[in-house]
Amino acid sequence: LIDMPMLEHLTQGIRITTSDGDSVQNTNITINNPDIEYCTTGIYLYNDENITINDIYSEHNTLVVYAFGTKGLKIDGYYSAFDTKLAEIISSKTEISNGFTRVNSNDDIGIISTQEFINLKNLSSSNNGSGKIFNIVADINKYIPTIYSNLNYDVEGESFRLRYSSDK
């Protein structure tokens, strides 16, 4: 259990990793109420299992959560203000719920990027600038069944499709 960490002006705030050759895994870890501000990466997860992060407060970070190879990641509750990106997820069995993101961008911006399926619940976002904000950016080609691979039209004309946008 990591309870109420304050992470400020760090390259990596919390780093929970296991090398590829290790047989022991970091499992069943809970991080409660982290306050992450002005970090390059707030929480860095690599090859972990059953990680829960509750009630993140973050602002002005490059990336709040990075997860690679984690099996069972749950983020429940977050307020993200003016972060470049909330999460980059290359992990399985991920759920992100109950969050609000505020940005100020004149460019289109994606809040969560993933190469895996993510279960999203009750997320909202708002942009103080003129750009579009998307809660998730995913590779749509991974989800198109092969039976549809010869469609006579282009799917948004690019390999990455911005999906699951809020109506703000």
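**Salt bridges and burial in a predicted model**

Q: What makes Lys85 partly exposed in this predicted model?
A: Lys85 has a relative accessible area of 24%. Partly exposed covers values between the 20% limit for buried and the 50% limit for exposed, so Lys85 is called partly exposed.

Q: Why is the contact of Glu88 and Lys85 called a salt bridge?
A: The side chains meet at 3.9 Å, N to O. The rule asks for a Lys or Arg side-chain nitrogen within 4 Å of an Asp or Glu carboxyl oxygen, so the pair Glu88 and Lys85 qualifies. Glu88 has 27% relative accessibility and counts as partly exposed.

Q: How do you know that Glu95 and Lys121 form a salt bridge?
A: Their side chains meet at 3.9 Å, N to O, and the cut-off is within 4 Å, so the pair counts. Glu95, at 21%, and Lys121, at 39%, are both partly exposed.

Q: How many salt bridges does this rule give?
A: The count is two.

Q: Why is Thr114 called buried?
A: Buried means under 20% relative accessible area. Thr114 is at 6%, so Thr114 counts as buried. Thr114 belongs to strand 10 (residues 109–114).

Terms used: Residues numbered from 1 in each chain as written. Predicted model: local features only at pLDDT ≥ 70, side-chain atom pairs only at ≥ 80, totals over all residues. Heavy atoms only, no water. Buried < 20%, exposed > 50% of the residue type's maximum accessible area, 1.4 Å probe, protein only. Helix = DSSP H or I, 4+ residues; strand = E, 2+ residues; numbered from the N terminus.
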